[in-house]
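Here is a short briefing on charged pairs and a metal site, written for someone who likes to know the cut-offs. Have the coordinates open as you read.

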Amino acid sequence: MGSYTLVCLECGLKMEDRLQNWCPLGHDALLRSEYRERKLKVKNFPGMWKFLEWLPCTSPLPTEGEALTYKSEGLARELGLKDLYISFSGYWPERGAKLMSCSFKELEASSVLARTKERSRGIMVVASAGNTARAFALLSEKTSVQVMAVVPRPYLSRIWVPGEKPSHFLLLGAEGGYREAIQWVERISRLEGTIAEGGARNVGRRDGIGTLLLSAVLEMGRLPDHYFQAVGSGVGALAVLEASLRLLADGGFGKRLPRLHLSQNLPFAPMFHAWKEGRNRILPELDLPSPEEAEKEMYATILSNPSPPYSVKGGVYEALRMSGGRMYGISNKEALEAWKWVREEEGIDLDPAASVAVASLVRAVEEGEVKEEEMVLLNLSGGGYERIREDFSLSPIEPSLILNKDTSLEEVKEVMKGWCSLAR
Ligand SMILES: *Cc1c(COP(=O)(O)O)cnc(C)c1O
Ligand SMILES: [Zn+2]
């Protein structure tokens with residue numbers, strides 16, 4: 001076995017990593033990676049790869065990005081917080097932030113691709129509302145891993161790369177919303193030669209995002225008392241919980257889990273509603289009666305995941321319970337105000353999702369959830385879309401096919417075949 005094993009959170013079975021996302025005994029629980037190294041080691045690699053001992057791969061990719069942490073002055077002063085740190089994932093070279101796809105999905109995609117590349121030559125198939133696909137588009141070229149992304153049609157314009165168009169990346173549009181994109185990925189990944197990426201179930205995703213907390217504790221010196229993030233699938237929040245558990249086991253970064261303060265954008269807020277009612281299950285008819293309408297009405301559409309891993313073992317409900325956490329439902333108005341405020345105070349344009357997290361911190365301070373002297377980590381999970389346009393010309397990526405009710409799997413196969421012969 002390598003320097004880590006996967007463990008099923010239901011039955012405790014330990015297994016070698018063969019790119020699986022499920023327990024072979026059929027349990028619905030998430031798998032988690034258990035690293036042999038119990039101490040946080042900082043290796044001599046650039047960016048997030050310095051945390052290689054806690055990533056599910058043996059060698060780094062040729063990339064240098066990582067989440068950047070700094071101590072806030074502007075926001076901190078206005079909020080009356082003494083110890084507010086910001087984790088920024090995006091493009092902001094003045095601060096040293098160089099995630100060229102402009103969101104923390106690049107941390108996920110990096111680790112997923114490194115894990116995949118070492119174990120398979122298959123074509124990875126992934127569903128995305130935009131940011132994930134954009135990250136994969138950027139990185140597929142650097143890793144020579146072929147990636148097919150299915151993105152809802154309204155969000156296709158989010159897929160671009162700085163510079164040349166990638167040849168290892170195929171974009172498919174899906175009529176409908178995120179739900180339809182996910183269904184298409186399930187169908188397509190039954191084709192020979194493909195691998196379903198797995199979303200939240202992929203340990204690569206969670207451990208990749210986990211590096212943002214590792215970067216942060218190097219700046220902060222210890223685990224924060226509070227962690228704020230906007231959630232759609234909850235991957236980021238689970239990642240931070242798991243990385244926190246590793247840091248607790250290390251022993252040098254404090255003795256308590258950070259409280260998770262997770263926010264969703266109303267009216268698309270299934271986890272917020274379930275949590276408010278004290279339920280460990282999302283009841284769609286109560287919590288998200290009309291996802292299509294809700295998606296149209298919300299500001300931060302990147303958060304529109306209709307079926308997040310909330311109740312599953314190792315999922316968001318458990319993470320909230322373990323950490324004494326809380327959920328927030330944020331209105332478009334609050335999020336927009338937060339967006340403008342950060343632009344003025346910190347001087348960067350945020351992803352709408354990140355402004356939802358900012359609004360939740362404002363609310364938490366108003367409601368006395370955080371004390372003046374407590375250490376807070378605010379995740380600005382995406383941004384710099386305007387800033388990157390000043391430095392690079394962006395190439396939009398066109399979809400090779402739009403999938404609708406009448407599209408057959410044969411058609412998808414044909415498009416795939418043509419592309420494979422070009423890319424290999
Ligand atoms: C995906 C995304 C989120 C939400 O993260 P999840 O892990 O899906 O909960 C927040 N902010 C940005 C910028 C994102 O791209
Ligand atoms: Zn199991």
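Lys 50 and Glu 66 form a salt bridge, with their closest N and O atoms 2.7 Å apart; the term means a side-chain nitrogen of Lys or Arg within 4 Å of a carboxyl oxygen of Asp or Glu. This is a predicted model, where local features need pLDDT of at least 70, side-chain atom pairs count only at pLDDT 80 or more, and totals for chains, interfaces and linings use all residues. Residues are numbered from 1 along each chain as its sequence is written, chains are lettered from A and ligands numbered from 1 in the order in which they are written, and side-chain values use heavy atoms, leaving out hydrogens and water.

**Salt bridges**

- Both Lys 50 and Glu 66 lie in the loop between E3 and strand E4 (68-71), so their pairing ties together parts that are 16 residues apart in sequence. Strands (E, at least two residues) and helices (H or I, at least four) are DSSP runs, numbered from the N terminus.
- Lys 50 is buried at 15% relative accessible area, whereas Glu 66 is partly exposed at 22%. Buried means under 20%, exposed over 50% and partly exposed in between, with a 1.4 Å probe and protein chains only.
- Arg 326 and Glu 369 meet through their side chains at 3.1 Å, N to O. This pair links distant parts of the chain, 43 residues apart: Arg 326 is in strand E15 (residues 326-330), and Glu 369 is in the loop between helix H12 (352-366) and strand E16 (375-380).
- Glu 16 pairs with Arg 18 at 3.7 Å; Glu 16 is partly exposed at 36%, and Arg 18 is exposed at 64%.
- The whole structure holds 32 salt bridges.

**Around Arg 387**

- Arg 387 sits in helix H13 (residues 385-391) and is buried, at 13% relative accessibility.
- Glu 94, Arg 387, Glu 390 and Asp 391 are linked in a network of salt bridges.
- The side chain of Arg 387 makes polar contacts with those of Glu 94 at 2.7 Å and Asp 391 at 3.1 Å. A polar contact is a pair of N or O atoms within 3.5 Å; within protein, one must be able to donate a hydrogen and the other to accept it, and residues adjacent in sequence count only if both atoms are side-chain atoms.

**Zinc site**

- Cys 8 (SG), Cys 11 (SG), Cys 23 (SG) and His 27 (ND1) coordinate the zinc ion (ligand 2) at 2.1 to 2.4 Å. Donors are N, O and S atoms within 2.8 Å of the metal (3.2 Å for Na, K and Ca); water is not among the atoms, so sites may look incomplete.
- Along the chain, the donors follow the spacing C-x2-C-x11-C-x3-H.
- Cys 8 is buried at 2%, and Cys 23 is buried at 4%.
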